[in-house]
Amino acid sequence: MRTRFESAPALLNRHRERVALDGLLADLRSGRGRVLVVRGEAGIGKSALLEYVVGAAPDMRVARAVGMESEMELAYASLHLLCLPLLDRLEGLPGPQRDALGVAFGLREGGAPDRFLVGLAVLTLLSKMAEERPLLCVVDDAHWLDRASAQVLAFAARRLLAEPVGLVFAAREPSEQFRGLADLEVRGLPDQDARALLRSVVGFQLDERVRDQLLAETNGNPLALLELPRGLGPAQLAGGFGLAGVQVPARIEQVFRRRLEALPADTRSLMLVAAAEPVGDPVLVWRAAGRLGIPASAAEASQIDGLLQIGARVRFRHPLVRSAVYSAASLPQRRAAHQALAEVTDRDRDPDRRAWHLAAAAPGPDEEVAAELERSAGRAQARGGMAAAAAFLQRAVELTGAPAPRSERALTAAQACLQAGALDLVAGLLAIAAAGPLDELQQARAALTSGQLAFASSMGGDAPALLLKAAKQLEPLDAALARQTYLDAWYAAMFAGPFAGAGDLREVSRAARSAPPAAGAPSPSDQLLDGLAVMITEGRAQAAPLLREAARVFADEEITTAERRRWSPVAVFAASLLWDEQCWHAIQARELKSCREAGLLAQLSIWAGASAMLATWRGDFTAAASLIAEAEAITAATGTNAPIVAALLAGFRGDEAEAAPLIEAMITAARAAEQGMTIQFSQWASAILYNGLGRHDRALAEAQAAEQMHEMTVSTWALPELIEAAGRTGQTRLAADALGRLAEATSVGRTDWGQGIYARSRALLSEGEDAERWYREAVDRLSRTGFRPELARAHLLYGEWLRRENRRADARAQLRTAHDMFAAIGMQAFAERTRRELLATGEAVRKRVATANDQLTPQEAQIAHLARAGLSNPEIAAQLFLSPRTIEYHLAKVFTKLDITSRRQLRQALPENGHHGPTA
């Protein structure tokens, strides 16, 4: 491993920092995981603190790595160095994790792994290594970690809990991946310690004013106090000259550069080769030095001066020495060093570093090197290092002289950056592509990338029109890709709603209907596009057969994995348009399970949120809360978009103090992002909330706003709320008009769900025997669905009608059923509304007794129900992206709360009612 010099000075004071690090070690010894980001400017003492914590952990296993600026483009480079001593445990990992880490490290063949599955594999690996004794991992210069390594380590760090694993990162300014982790800012030494350190390196009496100036300007930076005096002669120190006007790290680097100038030319050349070689391999350094004619004696001067050591590893005194060496060399000298390193780097064993050296050695455009970089990009992408692939392609663009290949490579690099999430780079690369000659297909691809960038950036109003334009450009060039792009545009328009402008659903649907069909039999995405476009242009009745077949194909898995993963969100949407509960649940449950098994965390967050929505609507608030917690944890680990379902769950629960702020925050954020569907979703949740509270005027306003936005599923879901609220406020004409729209919407599926909702809504506007017939039909149909809240509401509305008809005994029977259901589900507002109705019939209502589930957090409840279902700790850990030890930790808390001692007792403590656990 690459380490710092053992000759680092002893710590002076640093009491606050040592307490923090000692506390971390104490937690590890007690079995708790910890992470700490030690941050501060160059030379402030971060590396010395890492040496301290390693020295204070003789009872622990230690793994180390150092981020390298020159390796920032090589996927998983730093992670591989950290894990290298641990890879003897690789075969003990669960299969998907073992394969993911093996592919990422180039140890085995396979498809590109999800980087977060690699993260789970690393977490499991670290946990296994800590089974015998605590494991301490220290990573210096974490600001120079390659992006893939940083993402994986940050993911693992956020999930440490019950593992005696410590991760300590040292960084000047932590990258975005480490934001939110516990940190420790290292500041300059206190005045007394700074004076003592300065006296240790200045062997003569300093003028008091000069000493004070030096102390003030170094601001207690230990490396500055050690090195700056060495770069100044007694006359300069005595007079205090040459100290002002430069930041401390830059001053230290200047000192190192002055020291370099005094070294022999051969020594400086050797140090340049070492600075350009990122691995610290002495064999490579000496072989490259031999190519440049540098003698072995060149190492003597640098080692005597203490700037460089060449032993088992090549090590610089400090990263600023490496930086000073590299920046002090001329451009031709740097190119020569990289060329020599490329020539001695094995083409077969390390082709990517060789390609990077060749790129750095190139004096100008070089087609051969650019092609080699393209091949490196392909290898990086195959290992899941999309960020590295994008970086290789960017460099290939820089080395391409011919305009046409340069434009093509820039376009490919833009697409890679988009997939890597480096959205800030995409526009610039598209501009480079547009500056050269692009044929029609390339222009269409560029337009497509622009639209995808807009959707990925905000899912707002700009994307639909851009994607629509790209689809039209693609029509005569690639019919299949054009139709896929139309479907992307349709989906984007649905999210944007009224913000879509010229690319709204009607415009996209008309264009898609007039587009030429793809060659051969229609694909599943073709069927989806046809059904959705027909629905907008011709109506639901005409679209129903197309949508029904498309939803069936996805539910029955008559598609490829790639098609399924890309288009299943749209297929779920089609199923919901048909009120097809079975297809909706089948597609969603399969995708949730598939994403868990494959470790696709970004998609898992989406499907966990979607499943939480369905679980909420079906009245399984325990599962919904667990899924929301899972989605939010993934969001925190991956930086993906947060799920919006928490507001819906709060609306169903009926606690205005909880729900109203969530809903308002969602609407505010969605307006800023121009996400009309999110606004509509929030208004629907608000309408449910206020109907439950009996504030029907407010519910009516929210339902009208949601229903009028555009003719989509959420607007249809808002219709029953609108009808109930309008009926309760005496606006029967408004309710009757809405009932007509609901009749059309529910007629296409002819399902118990849709027809039950329609029957309940029609009963509200009916009288006498007609009303009773519709209420009975609503109860009958909805009892055959999984939507318990809708059934409970049918009982409530039926009971309210019976009370008004003075049929108190019959009313009490319906209202008791409704109240028991609302109370069991956890719908507080509707339960209270029902209780008031029961009191009006003369019925006394018992308060709901707290259940075992009420004592558990959402995550504990999820783990408890999975354990109750018979899953082992490793199986639960793999499903929830946690470690087995963390599962064991949570189960211990569950046992304590439920007053049980074994997994067998979970069956009694958590009785099965068919609605617990994740909707999977």
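This is a predicted model: local features need pLDDT of at least 70, side-chain atom pairs count only at pLDDT 80 or more; totals for chains, interfaces and linings use all residues.
Trainee: Why is α40 called roughly parallel to α42?

Mentor: The axes of α40 (residues 788–804) and α42 (residues 828–840) cross at roughly 25° and come within 11 Å. Axes are lines fitted to C-alpha atoms, for helices over the stretch in contact, with angles from 0 to 180 degrees between N-to-C directions. Angles under 35 degrees count as roughly parallel, over 145 as roughly antiparallel, 65 to 115 as roughly perpendicular and the rest as oblique. Therefore α40 is roughly parallel to α42.

Trainee: Which residues make the contact between α40 and α42?

Mentor: Contact means heavy atoms within 4.5 Å. From α40 come R793, L796, L797, E800 and R803, and from α42 come F830, R833, T834, E837 and A840. The residues of this contact divide into four nonpolar, one polar and five charged. Here Ala, Val, Leu, Ile, Met, Phe, Trp, Tyr, Cys and Pro count as nonpolar, Asp, Glu, Lys and Arg as charged, and the others, Gly among them, as polar.

Trainee: Is E800 buried or exposed?

Mentor: Buried means under 20% relative accessible area, exposed over 50%, and partly exposed in between (1.4 Å probe, protein chains only). E800 has 4%, so E800 is buried. Not counting residues up to four places away in sequence, E800 touches R728, L815, R833 and E837.

Trainee: What makes α32 largely enclosed by the rest of the structure?

Mentor: Seven of the nine residues of α32 (residues 645–653) are buried, so α32 is largely enclosed. The buried residues are V645, A647, L648, L649, A650, G651 and F652. Just after α32, G654 takes a positive phi of about 90°.

Trainee: What makes β2 and β5 edge strands?

Mentor: Two strands pair if DSSP finds at least two bridges between them. Five strands form an open sheet in the order β2-β3-β4-β1-β5, with parallel pairing. Strands β2 (61–66) and β5 (183–185) each pair on one side only, as edge strands.

Trainee: How many bridges join β1 and β5?

Mentor: Strand β1 (residues 34–39) pairs with β5 over three bridges in the parallel sense, and V38 stands opposite L184 in β5.

Note on methods. Residues are numbered from 1 along each chain as its sequence is written. Side-chain values use heavy atoms; hydrogens and water are left out. Helices (H or I, at least four residues) and strands (E, at least two) are DSSP runs, numbered from the N terminus.
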